Each structure stands twice: as structure tokens, then as C-alpha cells.
Amino acid sequence: MPALSILIWLPAACGLVGAIASRALAGSPASRTIPGALALIGSVAALALSIGYIVEYTPGFQSAHLATQTLQHVTDVTWIASLGIHYKLGIDGLNVLLVGLTALLFAVAMLAGNLRRERTPDRPHLYYLFFMVAESAVLGAFLAQDLILFVAFFDLMLIPFYFLTGMWGEGERSQRVRATIKLVIYTLVGSLLMLAAAIATGVLASQQHGTPITFVLSSLQGLHLSRGSQEWIFLFFAAAFLVKMPAFPLHGWMPDGYKAMPIEVLMVFSGVLSKVGAYGFLAIVLPLFPQAAVHFQMLMLLIALVSIVYGTAVAFTQTDARLIAGFSSVAQLGFITLGIFSLQPQGAQGALLQMVNHGLVVAPVFFIILLLSRRAGGSEDIRDMGGVAFRAPVFAALFLIVALATLAMPGSANFVGEFLILLGVFKSKLVIAIIGFAGVVGASVYALRLFIRSMHNRVGPEVASREISIRDGLVLVPLIGAILFLALYPQPALKRSEGSASSAVAGARALTEPNVLRIAASQSGALASTQGGSR
Amino acid sequence: MSQTTYGWLVLAFPLAGVLLLCLGHRSLPGRTAGWIGSAAIFLAFLAALGALLTMQSHGADHRQQVSSLWEYAVTSGIDARMSILVDPLSVFMILVVTGVSTLIHVYSVSYLDKDRGFVRYFAYLNFFVLSMLLLVLAGNFLLLIVGWAFVGAASYLLISFWYRRKTATKAGIKAFVINVVGDVGLVLGTFFILGHTHTLEFLGSFHAAEAGAFSHASGDLVAGCILLLVGAFAKSAQIPLHTWLPDAMEGPTPVSALIHAATMVTAGVYLIARMHPLFERAPAAQDVGAVVGAATLLIAGTIGLVQTDIKRVIAYSTMSQIGYMVMGVSIGAYAAGLFHLMTHAFFKALLFMAAGSIIGAMAGEQSLKKMKGFRKAMPFTYGCFLIGGLALSGIPPFSGFFSKDEILLIAGERGGWRWILYGVGYLGAFLTALYTFRMIFIAFHGKPCAEAQELQAGHLHHAEHPFNPADGEIEDTDVGFPGPSHAIAERALPMRFAMSLLAIGAVGAGLIQIPKVDYVVDDFLKPSFATSALYEAHTRSGILIAGLIGGTLIGLAGIAIAWRIWGSGAQTATAFQERLRPLYTLFAAKWYFDEAIDLLVVRPAAAFGRFAKDTFERTVIDDTLVGGPSGLVRAGSALVRSIQSGLLRYYAAMIVLGVAAVGLYFLLQA
């Protein structure tokens, strides 16, 4: 496989070439279509590469309790030697699936953009340039193995979205502006906190251990900070990540932001960007600050729990379809946080699987909302919909699959994810798991309510029922194909993430249950020998 | 072929049916879809017979076989495989499910003939059967939960089949959500058990339990089993999770026959029987099951007495009968409970089909108040209803007589406080005969109503404006209502065929297990309960005779009193109703379960949601956290102004370019 840098920078390069070509050909009709086409090519190529990485990825020796996962395809170059900052990339069980998800959602969004019936977006060269830079940045954030590099990619990934929302957004201009302001304020504050925390981590680590300064994650893992430093740095990171997810009560930017974003942007924003925060917890916060993670475990679990209950409650009272999906995401990300802070391997692994699953269902949900609003006279309010299923059996069937996956119906990979998450929480905090189940029931209410109110019941006043077109079907099919594949056979995904997920929580577990870990280590040693024997 | 290969075939045929119907939804002409669906299930039935024959050729110790196709989720702490368990219990279930389902498919071919959703209907119905078979064949907890949820989803789809009716979509979501509550119980129960047995495989868990994975009267095991019961109660419509079942009658009548009488609602009974090695180590959970079953059979019986919708009467009767089964398997009367499950599948499906025939003759009307005197107009339907009614009331030699009495017999044999269950059971039997013959006397006897007269004259009544009987709304004639014309058993061969076979079952199925004569069901199921301490031994005490005679007399008394009240003119019924006013009100209000759930769960949740959406979001999240720090906002507007002036755009472009340049640099270096 080629180096990871190619995967990361390929989309941005395609966006750039598209933009330049478009300016060079200014005036000709091709100038409007070239950027989109190149963006599609770039994102599909990135998807092909990332599938290659997933297929090729070989989990090292797996055991539920031992941290033996090593990075693969490592690129390690000193970036700024005096500050110990490296340009280090690598694939492990935590990011391998998320890279695939990112590439898939961006490719699908580009497909949707290119197949759009309506006119191409204004200034397509800039639109696609921003989009492709965003993809590069997200891939970079997932693959970065250096703290500062991660922060750089994290910030870089937000900038294009400010513009995509502010300049190509939907609705009234004033609303768009308001939405963009909120987005900028929230994420900027989060980013600044994170930057400060990242610098502090490197500096304090070198001070407290008397080693040269470094930001490489694997090196930092060996340099544990004092408990006091861990705690405040933890809070800074948590703030940034929770805003991004978003989690209650830091979701204030979400309703306006989601309403203002164009659907393609929203598909990747809600499908992928929210995962960067959750990924940050697993890849950075838990391994580097295990003491703080244990200390704040209850706080984080409660935030997660409130996010679940609150997000669910708003989702089943909302009538704006986008916000139903938006608040359902708050609840789903709550489940993911719950799994991570169960500090159990099952929870972490369930959370990882659920990140992929949520991305795979929320993107089609938003696209379906676009299709619904086209059939309901342009309204995205479920009160204006109804009866769409009549002439659209295929559309209804596709929507039903997505809706059932959203509510984590057993038989979907989402259920496997939730099962593992709740099993992890069940093991560490029984009561929280039991309350968390309320969210499972609530999810069935809001997902089915959205389905029924739009597809069933009497025909809405301006509803024209129409079967899904081939173009729109092409956008949905890859996503639904992925949902169905994982539903039937989640094992490959679980196998790849198993080792990394358990090593991510190993540090924190060593603090909470040292005995269990020691016994487990001896057990898994025995397991390893029997496995070796059977092979 | 091995018995597990047959087991996979049992699943493969309905799956093929679903796929075929989905792919061909545009091109299948006429009744083809119906016949494809029926054939798929019939082939599954043949495969189930194959499994039966192969299994019986093995010795009793080798009749439990597991087969696994692929690893589903084998990872930290869980081991879920795509595995099925083929043993006497699951073979018993797949035979009942595929057998009854085949007949109901055939019936549906006529019943839904003119419906515009014909293909969709059969795709759903095949999907349901697939799910139900998955549920009973599942070899581990996770797959069981998958089947469990799939039947819930299929039930939702079929309840909401006429999706233009708001009553139907409401009933659908209600059924789905209550079923999800049951799923949650099942998942949590699994967690409790998994924590001790460390495996999701059934046989592995049972062996672990037998090897002492749980301490004596372990709290975790009791909690786990009670949570499994929550799942069972939700699926089998036991109190207090039963309120969805009567509403589920919004679905087409064959659906009620299949899902809400013969198959899905019995899943809870199967679950308790399947989990007997766990339940027997948690006697407290068994007692909970027995008491809830007994309470349900009584309460549902009283509600059934006063309902006016014919399908709802049968629905409450189903609840009540499943109460018997749940009580039975919870006191260790496994074979008796499952035997009753089978006979009930026959006679209850038959009753629903006969009711469907009347509803067809009434052009969709389901109210008993409007039906009268169909005896002469529909002799075949009348005969079937009578057979079903007699079997339900437990009159010998019809099948219900043998199966119901056996459950009560074992309750008596176990003695102690279970004599209360015994008494409740016979009280319930009296109520059963009463409400069953109330239906029969009202709908078939007396002076024929207009529709019956029309039918006697040779015309089938069609409503001028099709309307939804539940709320009187005029149907959306585009789509989404039962169709303008209806089929009745008297005129449709497939319906007659299906009903005849079921009638034979309702009459004769009881004969395979007659106390002191033969024990076919007992002996057949025995290998699945080999380690059970409670599995019934063939020693019958003196209460046997008393039970058989007493049961018959109670049933006959019920019929006689029903005749006295409803058979001899309307005045007696009204007078009776007046005299028992308070009781009547309680029963007619269905013991206020719907109201209580509404008050305790639905309203608070909705109120919290509204508060969150309208108040909290606006004042706290928006004003305080976003709008509050005005400095931030000012900074924000400055930012936006600079976006507009183009300055920021310029900076951003520089950042993007810079990062791109750095990236390019490393690209070349690497």
C-alpha cells in the first residue's frame, strides 16, 4: 500500500487541481463541472485506498486485556525538531474503520453533489476545494500520531465547514450568519482549549520526567503526568471533544448549524466530524490521562446519560425532520461516550463500532430528508409530510432499513454496538446502564415517528408521492449496502478494533481493577497457547 | 442430511420467498405473489418434517444439535455466532409455526385478493415467518434477541399494513415500542446471565448453570430471569405489557390469526420453556411468571366479556389463553403448556379466520352490535366458529379440553399455594366459555341482520363508502384500506381449505395426548428437558378425574349461561349489564391499563420532551450558553463582518494553501 500521506493529501490535491483548472477554463461550461468531477475522482480514489488499508490491516495478537497493538503503515518525519513535533501517521485498530467511514461518506457526498438535479453550487471551484480540504483534514486528524499534528488537522478540518455553511448554506442569510457565528464561537473556544492542553501535555511531560520535549503519542504514553495536571488537561480536551460531538449542554450550535448546512455538507459533518471528538477520547485522552479519566468517569457518564435522555426527548417532540436527526445524534453520541467511559474493553469496542454505525445511518437519514422535502413541497417539517410511501415502495423500503438501523434494531450492527456499550457500562456502573436503556426505547419512538409521519398516514397537503430516482438511489445504495453488510457480518470490524479498543482503556482499567487485570493477563496467556495449538 | 441442515433449510425458504417477492414487486401478476409466499412456507414445513424425521432416527441423547455458519460477533467478552439449535423443542415449534403459517398464507390469497398491497402483504408475511423461525431456532441469546426483535418489526409492519389509517399506524408504533421494552428486558436479562456463564450459547449457559455458575438462589439469576420474563410478557401480551395486542387488531384479519394468535404471541411461552434450566434455579422468577399468567388469564377473560369488537374479543381471549400457557411453563408444566400452545394455534387461528369471513360479509364492520343471525347465511363459517368455540371452551373431545386441563392438573399436583392457580384456571375456563358463546349467540343466532339477509338472498354486501370501523373515517380509496370487495369463506376455496384443515386440528389434535392413554407430546419433548427436575412424570393422582369432569361441567355451565343471557333476546343482556354496572364499567374500560400507562409513562415523557424543546433549548442553551456572553457574540459578529469583507476568506485560503504546501513537502520526502 502507498504511504498514508498520499491517502491524506490526495483529496486536497484533487480539489486544488479542480479549482485551478476551473479558473483556467473560466467561462466555458466545463469550468462548472470539472471541480465536482475531480472531487469525485479524488474522494473515490481515497475510498479505494482506505478499503485497501482496511482489507490489509492485520490485527496483531489479540487479547481482551493486553495492549499489544502496534501501528501499521507508519510515516514518521520530524516536523519541527526544536519543539519535538513530528509528522507521524499510522493506522491502528482505532482509526482504520473510521478512515474507511470518512472516505465513504465523502465519496457519497461528492456523488450526491455531482448527481444533483438542481444547478451546481455557486463558485463550484471553491465549494469543492473546501470540501476536499475538509476530507484531507479529517483523514489527517484520524491518522495523526502526534498531538500537535492532531490539533493542526482538527482545526484545519473546521475552517472549510465555516465557509461551506456560511457561503453555501440554506435558508435566510441572517439565519445562516447566526448559525455560522455560533459554530465558529463554539468550535473556536474548543479548539483553543485543546491547543493549550496539547502544548501543556508536551511541556509538562518533559518537565515532570526531565526528558526532551515530544508530542508523539506513543512516547507521551510512557510519560504519565501528575494527577493534578492530568485533571485540568483532561477537562480542556473534554470540552473540545464534547462540543464537537455535540453533547449536552454544549450542543447550542447544533440546531441552527444543522439547519443552515447544505445536505451534502451535513452528511459528512454529522457523520464524520462528530466522530473525531469521540475518537479523540479513545486515542488521546484515555491513554494519556488515565488517572483523570477514572477521576471524571462519573461526570462523563452523567453527561453522556443526560445527552441520551435529553436528545431522545427533544427528538421525539421535534417536528423539524433535520432536528429530529440532529437530536437523535446527540443521543447516539451519548451512547458512544457512555461506552468509552465505561472504561471497559466491551464499552470501548462498542463505542468504536457505533461510531462507524452512526456515520453510516445518519448520512442516509439526512439525504432521505432532502428527498422527502422535495416530495413535500420543499418543507422539512414532518407535519407537512405524510403518505409518501404510496407510489414509492422502493424508497419506503430503503428508508425503513435506515430507520430500523437508526433505532438499533437487533440484527443491525448498531445493535451489536449498543449491546457492547451497555454491556461495558453494565459491568462498571449498573444503574447508569439501566437508565441508558431508556434511550433505547426512546430511539424506537423517534425513528419510527419520523418514518410514519413522512411515509405513512394521510397524504400531506402538498405531497406528491414519487419513486426514488436512479440518481438518488445511487447515493443511498453504497451506504445501505454498508449497513446491511455490517448487519450480517460485523465480525471483521470487531476483529480489527478489538486489540486497540482494549488497549485504549487498559491504562484506566489498571487503576480501577488491578486484580482483574492481573488474572485476565494470566488467562489470556493460557488462551494464547491454546489458540496457537489449534492453529 | 443432518437435522441442522434441515434447520437451515427451514430458514432458507422463507428468506428466498421474501427476496423473490421484493424483487418481483412490480412484475408479479394476479395471485402469483400469494402462491409464491405460500409455497415458500410450505417448503419450510416440509423441511421441518425432514428435521423431525432425521431427529427421531437419533437416540434420545443425541437429539440436541447445534450448527454454526459464521462468527457474528466474537470479541471481548461475547461469543455470538450465527448458530441454530435443533432439538425436540425447536422442531416442535417450527412444525407448528410453518404448518399454521402455510394455511394462513393460503387463506390470505383469497382474503386479500383485491387489496392493492397484495405483494407487499406477502413479502411482510414471509418476513414474519422467517423471523419467527429464527426466534425458535436461534442457538444463542443474541440471535434469539434478533429473531425476537424481527418478529416485533414484522408485526409492526403488518399491523400498520393499511397505513393510510391513522388508527393503524398508531397501533403499529404502540406495538413496536412495547415490544422494544420487552427487547430491553431480554438484553438486560442476558447481561445478568452472561456475567456468570460467560457465554451466549444456550447449551453452554445451561451447562454452566447446572455446573453451579450461580450460587443457590442467586440474586443475579433471579433478576436475570425476571428480566427475561419482561421480554416474554411484552411479546406474549401479559399484564401489564398487554395493551398493544387489542389495538393490533387493526391489521388484516389473517395477520391477527397468524401473529396475534398462533405464533408470535406464544414466543414468551417458548422462551420460558427454553430457559427452564435457568428458571428452575430461580424459583422466585417462576412464581412471578405463574402469578402474572394467572392474573392475565382472569383479567383478559373479564374484558373479553364486554368488548363489542369481534376481533378484540378474540384478542382478549388470546391473552387469556396465553396466560394459561405462561402459568403452565412457569410451574414446570412444560409439555402441557406447549401442547396447549399447539392446540390453541389451531382453534384460535380458526376462530380468527371465521371472524374474518363474517367481517367480509359485513364489508369491514367488526362490531358485534351490528352482527346478527349469520347461521343460515354462512353455515360453513358457523360450523368452523362453533368447532373453534367448543375447543376454546374446553368441551371434550375437542383439543382445548385436553391441553388446558393438563396445565391445571399439574398446578394441582404441585400443590401448596398453587391450588390458587388451579382455582383461577377453572374460573377462567368458565369466563372463556361465557365470552366465546356470547360471540357465537350474538353473531350467528337470532333474527338475521340486513347483511345476513342479503347474503342469504345470494348477494355479498358491499359498503357504499368504505370506512374505517375504528373511527368512522372514510377510507382513502387510493390505497391503504382493505379494498372495495371482500371475500368470505362460503365462496372462496382457499379460505375453505385452510379453515377445514384447521378445524380438523381443532377437533382432533387433543387426541395425541390423553391422560392415561398416550403421551406423544410428553415423550417427544422429553430430550429437551432431560435435566429438568420438574418435567412431568406420568403419575396422575385422583384429581385427574375430578378435573376432567369438573372442567367439562364448568365449560357447559358457561355455555348455558351465555345462552340464557345472549341467546334469548337482547333484553336479558341489557338487564344483566345494568345489574352489574360497576363491574361492567371496569371491564369495559379494560381495567384502566391504557389510562394508567398513559398517565405514568407517555404523558411525563411527552411533557419532558416539550419542556426540553420549547423551554430549555430556548432559555438555557440558546440565551445563556450562546447569547449570554455578549463579548463572544460581538467577537463573533466581528468575525462575520470580516468574512463579508473578504479578509478572513483570504486568511483561510492562506492557511489552506500553507497546509497543502507542507503536505506536498512531506509527500515528496516520503
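**A quick tour: hairpin, helix pair and chain contact**

Let's start with a hairpin: strand 1 of chain A and strand 2 of chain A form it with 4 residues between them, and Gly84(A), which sits in the turn, has a positive phi of about 70°. Keep in mind that this is a predicted model.

**The hairpin in chain A**
- Strand 1 (residues 72-80) of chain A pairs with strand 2 of chain A in the antiparallel sense, over 6 bridges.
- Across the pairing, Thr75(A) stands opposite Leu89(A) in strand 2 of chain A.
- Strand 2 (residues 85-91) of chain A is mostly covered, with 6 of its 7 residues buried.

**Two helices packing in chain A**
- Helix 13 (residues 321-340) of chain A packs against helix 17 (residues 430-455) of chain A at an angle of about 160°, and their axes are 11 Å apart.
- Angles over 145 degrees count as roughly antiparallel, so that's how helix 13 of chain A and helix 17 of chain A run relative to each other.
- Their crossing is left-handed.
- Residues making this contact include Ala331(A) and Phe335(A) from helix 13 of chain A, plus Gly439(A) and Tyr446(A) from helix 17 of chain A.
- Sorted by class, the contact between these helices has 8 nonpolar residues, 3 polar ones and no charged ones.

**Where the chains touch**
- Chain A and chain B each put 62 residues into their contact.
- On the chain B side, the elements giving two or more residues include strand 1 (65-75), helix 6 (166-197) and helix 25 (593-627) of chain B.
- That side of chain B has 40 nonpolar, 11 polar and 11 charged residues.

Technical notes: Residues numbered from 1 in each chain as written. Chains lettered and ligands numbered in written order. Predicted model: local features only at pLDDT ≥ 70, side-chain atom pairs only at ≥ 80, totals over all residues. Contact = placed C-beta atoms within 7 Å. Nonpolar A, V, L, I, M, F, W, Y, C, P; charged D, E, K, R; others polar. Axes fitted to C-alpha atoms, helices over the stretch in contact; angles between N-to-C directions. Parallel < 35°, antiparallel > 145°, perpendicular 65-115°, else oblique. Left-handed = near helix turned anticlockwise from the far one by under 90°. Buried ≥ 20, exposed ≤ 12 C-beta atoms within 10 Å, placed from the backbone. Pairing = 2+ DSSP bridges.
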